[in-house]
Amino acid sequence: GQVWMNIVARLMVIAFVLVVCGHGVHGVLEIWDDYVTSESARRWARNIVITYAIVASIIAIYVILSA
């Protein structure tokens with residue numbers, strides 16, 4: 001029972017990290033789009049923020065799984 005609870009707990013934390021990360025990315029980009037009118041600046045910001053979020057999520061998942 002203990003092993004399964006450990007796996008379930010880790011999966012729940014990973015799901016939480018991904019949801020929170022997606023929510024944060026969406027919020028940042030919504031605010032950015034409100035203040036920036038340049039299409040290329042919007043595209044650059046979108047790529048940078050999403051890339052950062054993916055890298056941060058991969059690091060978080062690695063830390064969760066290796067703990």
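The model is predicted, so local features need pLDDT of at least 70 and side-chain atom pairs count only at pLDDT 80 or more, while totals for chains, interfaces and linings use all residues. Residues are numbered from 1 along each chain as its sequence is written, and side-chain values use heavy atoms, with hydrogens and water left out.

**Overall form**

- The protein has two helices and zero strands, where helices (H or I, at least four residues) and strands (E, at least two) are DSSP runs numbered from the N terminus.
- The radius of gyration, which is taken over C-alpha atoms, is 16 Å for the protein, whereas a compact globule of 67 residues would have a value near 11 Å; the globule rule is 2.2 Å times the number of residues to the power 0.38.
- Along its principal axes, the C-alpha trace of the protein spans about 55 × 15 × 10 Å.

**Surface and burial**

**Leu11 and its patch**

- Leu11 has its place in helix α1, which covers residues 2-35, and Leu11 counts as exposed because its relative accessible area is 52%.
- Together with Val3, Trp4 and Ile7, Leu11 makes a nonpolar surface patch of about 450 Å².

**Leu65**

- Leu65 is found in helix α2, which covers residues 39-66, and Leu65 is partly exposed because its relative accessible area is 49%.
- Leaving aside residues up to four places away in sequence, Leu65 touches Arg10 and Ile14, where contact means heavy atoms within 4.5 Å.
- Although Leu65 and Val13 are 52 residues apart along the chain, their C-alpha atoms are separated by 10.0 Å.

**Ser57**

- Ser57 also lies in helix α2, and Ser57 is buried because its relative accessible area is 9%.
- A polar atom of the Ser57 side chain lies 2.8 Å from the backbone oxygen of Ala53.
- When residues up to four places away in sequence are not counted, Ser57 touches Leu18 and Cys21.

Note on methods
Patch = residues over 30% accessible without salt bridge, like charges linked within 9 Å, V, L, I, M, F, W, Y side chains within 5 Å. Areas by Shrake-Rupley, 256 points an atom, 1.4 Å probe, with all protein chains shown as cover. Salt bridge = Lys/Arg side-chain N within 4 Å of Asp/Glu carboxyl O. Buried < 20%, exposed > 50% of the residue type's maximum accessible area, 1.4 Å probe, protein only. Polar contact = N/O pair within 3.5 Å; in protein donor to acceptor, adjacent residues only side chain to side chain.
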